[in-house]
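Hi there,

Here is the structure I promised to pass on. Have a look at it first, and my notes follow below.

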Amino acid sequence: MSYTKVDSRDVDPIADGLRFLRDPLDCEKLGVTVLDADPGWTGKEHDHADDGQEEVYVLLEGSATVSVEGEDVELESGEALRIPADATRQIRNGDTESQFVLVGASGE
């Protein structure tokens with residue numbers, strides 16, 4: 001088969017509304033995650049310096065702040081943010097529910 005299709009709503013969330021789609025889609029080099037964030041939700045601060053994975057966060061609905069290397073970047077619905085692998089990042093959701101698509105790929 002030349003493609004793989006899944007309904008992201010059928011993928012069991014891990015913690016905090018995160019649904020990792022990499023394995024269900026059988027991706028080799030690309031990670032795709034859907035995040036449904038409750039009001040006031042805060043994600044884990046992290047970077048990807050060890051695995052070289054840059055990420056793009058696309059905010060589909062809501063408003064949120066992403067701290068990148070200590071600088072707060074405000075996001076509104078429809079906006080996207082690219083983050084280099086070695087930069088620390090943390091999502092802080094706003095006062096309403098938000099939905100993100102988080103995409104990561106290794107530079108290899």
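To start with something you can check on screen: which residue in β8 is the bridge partner of V58? The partner is V101. Before going further, please keep in mind that this is a predicted model, where local features need pLDDT of at least 70 and side-chain atom pairs count only at pLDDT 80 or more, while totals for chains, interfaces and linings use all residues. Residues are numbered from 1 along each chain as its sequence is written, and side-chain values use heavy atoms, with hydrogens and water left out.

Strands here are DSSP runs (E, at least two residues), numbered from the N terminus, and two of them pair if DSSP finds at least two bridges between them. β3 and β8 sit in an open sheet of 5 strands with the order β1-β2-β8-β3-β6 and antiparallel pairing. At the edges stand β1 and β6 (80-83); each has a single partner strand, so one side of each is left without a neighbour in the sheet. From one strand to the next, the twist averages 20° (axes are lines fitted to C-alpha atoms, and angles run from 0 to 180 degrees between N-to-C directions).

**The three-stranded sheet**

There is also an open sheet of 3 strands, in the order β5-β4-β7, again with antiparallel pairing. β5 (71-76) and β7 (89-93) are at its edges with a single partner strand each, so one side of each has no neighbour in the sheet. Here the twist averages 25° from one strand to the next. β4 (residues 63-68) pairs with β7 over 5 bridges, and V66 stands opposite I91 in β7. With β5, β4 pairs over 6 bridges; S63 has E76 in β5 as its bridge partner. The hairpin of β4 and β5 has 2 residues between the strands, and E69 takes a positive phi near 55° there.

**The largest pocket**

The largest pocket holds about 520 Å³ of space. A pocket here is an open set of points on a 1 Å grid over the protein atoms alone, where a 1.4 Å probe fits, with protein on both sides within 12 Å along at least five of seven lines; lining residues have an atom within 4 Å of a point. The volume is the space filled by probe spheres set on the points, which are joined across faces, edges and corners. Its lining has 21 residues, and F20, T33, H46, E55 and L102 lie nearest the centre. β2 gives the largest share, 4 residues.

**Two buried loop residues**

L21 is found in the loop between β1 and β2. Is L21 buried or exposed? L21 is buried, with a relative accessible area of 7% (buried means under 20%, exposed over 50%, partly exposed in between, with a 1.4 Å probe and protein chains only). Its contacts (heavy atoms within 4.5 Å), not counting residues up to four places away in sequence, are S8, V11, V32 and V34. The C-alpha atoms of L21 and V32 are 5.4 Å apart, with the two residues 11 apart along the chain.

H48, in the loop between β2 and β3, is buried too, with a relative accessible area of 15%. Leaving aside neighbours within four places in sequence, H48 touches Q53, E55, A85 and R89.

Best wishes
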